[in-house]
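My notes follow in the order in which I looked things up.

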Amino acid sequence: MKRVYNFSAGPSMLPLPVLEKAQKELPDYRDSGMSVMELSHRSGLFTDIITEAESLLRDLMQIPDQYKVLFLQGGASQQFAMVPMNLLVNSGKAEYVNTGSWSKKAIKEAKKFGDINVIASSEDENFTYIPKITQDMIDPEADYVHITTNNTIEGTTFRNIPDTGDVPLVADMSSNILSEEIDVSKFGIIYAGAQKNIGPAGLTVVIVREDLIGKAKETCPTMLNYQTHSESGSLHNTPPTFAIYMAKLVFEWLNELGGLKEMQKRNEKKAQMLYDFIAKSDFYASPVKEDSRSIMNIPFVIPDYDVDAAFVKAAQEEGLETLKGHRSVGGMRASIYNAMPVEGVEALVSFMEKFEKENK
Ligand SMILES: *Cc1c(COP(=O)(O)O)cnc(C)c1O
């Protein structure tokens, strides 16, 4: 069997033990004579899967009781619309922080629904840093503040979660959910597409404080109303059953490894290894300001030589996949989510060392 180190930003690597468990259980799930894909979403076996998935996620993230966990579809991109449709219901005003391509898309979509104010942006410096957000920047009447906690394309991250006072904080956490310990109580809503750090594509996890549910206008489509999914335990219609099952296996794997505290330690170690190597090299460089660097998505460039394509190709030949940077940033990008083992980062650093010697 061939397995590569896949540095893709998403869909990304899944842990091998999870894939192997799914493979083992595939044709006959728990003596049902069916695969999970063939089970009714109303069956006892699937009820156990979705209940267990939620309970594992609650444990891992220490989600307080007054939050609902929803398993939806439509990706993080659908949340760009669902958030304003459900939350822009009092003043009709919301505050957004523009820290990159995904923030921009969230802002563009929200503008269809109300009065959207961009309170801070790092676009002036190509999104290479995270602007400081203080409470005096926030209109106390705003219905919510929206941030992208980790900017997948630009490789920046909020090291400190802003204090928004009584205004609910909404976070697109697609690319750093489950990567470290966070205090869920600081947020009104956390949402994430699953395909980066949770499981396969097709599932979107939304963690929403109960008081923010049930406020959407009458005209809000049923499927886009948080209340619909909250009242039905994410079973209003057929949910992405297999993706939920895979997410459950990932949550079990995280638990076995010691939970988010342990993951954070591993992730910081992996990222540090790469950043330290880039810092001491005069061939590679990081475009991101030091205090804003992501531990999940690490872009790097080779400023003085025109060898990006050669780098990506040679890396691929050594089993280091998908290192090409996003078209809007260029250079290279290593996405090192939870499922990327330390050995993968070590292999990348050795390759980078060798490539530097051969191309400088
Ligand atoms: C990948 C990503 C998205 C888009 O997710 P989809 O599930 O494809 O809609 C949005 N925001 C961030 C931060 C992402 O990393």
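I began with the lining of the largest pocket, which by class has six nonpolar, 15 polar and six charged residues. I am working from a predicted model, and I keep that in mind for every entry here.

Next I looked up the extent of the pocket, and I noted a volume of about 410 Å³ for the largest pocket. I then went through the 27 residues that line the largest pocket, and found that the closest to its centre are Ala9, Trp102, Thr152, Ile153 and Lys196. As for helices, α3 and α4 (101–110) each supply at least two residues of this lining, and the largest share, four residues, comes from α3.

Where does the ligand sit? I found the ligand in the largest pocket.

I then turned to the shell around the ligand, where 13 residues surround it and the closest are Ser77, Thr152, Asp172, Gln195 and Lys196. By class, this shell has three nonpolar, eight polar and two charged residues, and helix α3 (residues 75–87) gives the most to it, with four residues.

For Asp172, I found an N or O atom of the side chain 2.6 Å from a nitrogen atom of the ligand. Finally I looked up the ligand's cover: taken alone the ligand exposes 390 Å², and the protein buries 87% of that.

How values were computed
Residues are numbered from 1 along each chain as its sequence is written. This is a predicted model: local features need pLDDT of at least 70, side-chain atom pairs count only at pLDDT 80 or more; totals for chains, interfaces and linings use all residues. Side-chain values use heavy atoms; hydrogens and water are left out. A residue is near a molecule or strand if one of its heavy atoms lies within 4 Å of it. A polar contact is a pair of N or O atoms within 3.5 Å; within protein, one must be able to donate a hydrogen and the other to accept it, and residues adjacent in sequence count only if both atoms are side-chain atoms. Accessible areas come from the Shrake-Rupley method with a 1.4 Å probe; for residues, only the protein chains shown count as cover. On a 1 Å grid over the protein atoms alone, a cavity is a set of points where a 1.4 Å probe fits but cannot get out, and a pocket is an open set with protein on both sides within 12 Å along at least five of seven lines; lining residues have an atom within 4 Å of a point. A molecule sits in a cavity or pocket if more than half of its atoms lie within 2 Å of its grid points. Ala, Val, Leu, Ile, Met, Phe, Trp, Tyr, Cys and Pro count as nonpolar, Asp, Glu, Lys and Arg as charged, and the others, Gly among them, as polar. Grid points are joined across faces, edges and corners, and a volume is the space filled by probe spheres set on the points.
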